[in-house]
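Colleague: Could we go through the side-chain packing of this chain together? I would like to begin with the aromatic residues.
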Amino acid sequence: MKFFDKGKYSRAKDEFDYIIMTDPGSKLANESQYYKGESLFQMKEYDNAWVAFDRYVRFSNDVSKIEKSRYRICECTINLTNSYQRDQKQTKRALEQLQMFIEDFPQSELVQDAERSIATLRIKLAEKDFEVGRLYLKLEEYGSALIYFRSVLNNYYDTIFADDARIGIIFTHILNENQQGARSYFNSEKNRFVKLEKYREAESLIVDTETGLKLAHYYQLYK
């Protein structure tokens, strides 16, 4: 604990490991498991920290430390997530962990932090689907583009990407030479736009392309 308190986490982790190996099953070993997890977390070894905290939770009856360990597991998963451009399996796993934490500890002081983390992760997933939709749009695979833009609206309708997904759907119809479909969709969704500037952008896109696409409109694909 002296090493731990001084921030010498690598040395502390080694000492906690020694206790765990030489006196397994004891109360001291179980406490060492918790602080081993904390040491690994501070060293940013999130995979190993996850394992340590999970083992602590399985054998401890200290409710306070179990709660802290469960939230550390959530934090480990969050820190292991990729940027939106890469695979998002870990992001979905982090969401599951956070939701389970809220369900198991609804009165915890950490619930608000968990909810903020959930909101942040959902934005990342929304951005992933939105950018995949944009990619398909550039590839002129309009059906696939619509699937991903609609996924944003179906699953992440409360994120900042919802309005952009609506504009993406409108633009997909326009590029696919379906001006009527674009106008029909705009009319059905115009009251759902969150930001006025996004509403005006969608409206202008339809009006400006009624007589055909101009070179400037293709900027929409790359902005």
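Colleague: Is Phe 105 buried or exposed?

Modeller: This is a predicted model, and in it Phe 105 has a relative accessibility of 15%. Phe 105 counts as buried because the cut-off for that class is under 20%.

Colleague: What are the distance and the angle between the rings of Phe 130 and Phe 149?

Modeller: The ring centres of Phe 130 and Phe 149 are 5.7 Å apart, and the planes stand at 45 degrees.

Colleague: Which residues form an aromatic cluster?

Modeller: One cluster consists of Phe 4, Tyr 9, Phe 16, Tyr 34, Tyr 35, Phe 53 and Tyr 56. Tyr 34 also has a charged group over its ring: the end of Lys 65 is 5.5 Å from the ring centre.

Colleague: And what lies over the face of Phe 193?

Modeller: Arg 166 does, at 5.8 Å from the centre of the Phe 193 ring.

Colleague: Turning to Tyr 157, where is it, and is it buried or exposed?

Modeller: Tyr 157 is located in the loop between α8 and α9 (162–175). Its relative accessible area is 53%, so Tyr 157 is classed as exposed, for which the cut-off is over 50%.

Colleague: What does Tyr 157 touch beyond four places in sequence?

Modeller: Tyr 157 is in contact with Val 152 and Ala 162.

Colleague: On to the largest nonpolar core. Which residues touch the most other members?

Modeller: Leu 98, Leu 137, Phe 149 and Ile 170 do, in a core of 53 residues. The greatest contribution to this core comes from α9, with eight residues. In soluble globular proteins, nonpolar side chains tend to be buried together.

Colleague: What is Ile 170 in contact with?

Modeller: Neighbours within four places in sequence aside, Ile 170 contacts Ala 182, Tyr 185, Phe 186, Ala 202, Leu 205 and Ile 206.

Colleague: How many residues of α9 are buried, and what span does α9 reach?

Modeller: Of the 14 residues in α9, 14 are buried. From its first C-alpha to its last, α9 reaches 20 Å, close to the expected 20 Å. Glu 177 follows α9 and has a positive phi, near 60 degrees.

Colleague: Finally, where is Thr 209, and what does its side chain reach?

Modeller: Thr 209 is in the segment after α11 (196–208). Its side chain makes a polar contact with the side chain of Gln 179 at 3.2 Å, and also reaches the backbone oxygen of Leu 205 at 2.7 Å. Thr 209 counts as buried because its relative accessibility is 3%.

How values were computed:
Residues are numbered from 1 along each chain as its sequence is written. This is a predicted model: local features need pLDDT of at least 70, side-chain atom pairs count only at pLDDT 80 or more; totals for chains, interfaces and linings use all residues. Side-chain values use heavy atoms; hydrogens and water are left out. Buried means under 20% relative accessible area, exposed over 50%, partly exposed in between (1.4 Å probe, protein chains only). Rings of Phe, Tyr and Trp (its six-membered ring) pair if their centres lie within 6.5 Å; planes under 30 degrees apart count as stacked, over 60 as edge-to-face and the rest as tilted. A charge sits over a ring if NZ of Lys or CZ of Arg is within 6 Å of the ring centre and within 35 degrees of the ring normal. Helices (H or I, at least four residues) and strands (E, at least two) are DSSP runs, numbered from the N terminus. Contact means heavy atoms within 4.5 Å. A nonpolar core is a set of buried Ala, Val, Leu, Ile, Met, Phe, Trp, Tyr and Cys residues joined through side-chain atoms within 4.5 Å. The expected span of a helix is 1.5 Å times one less than its number of residues. A polar contact is a pair of N or O atoms within 3.5 Å; within protein, one must be able to donate a hydrogen and the other to accept it, and residues adjacent in sequence count only if both atoms are side-chain atoms.
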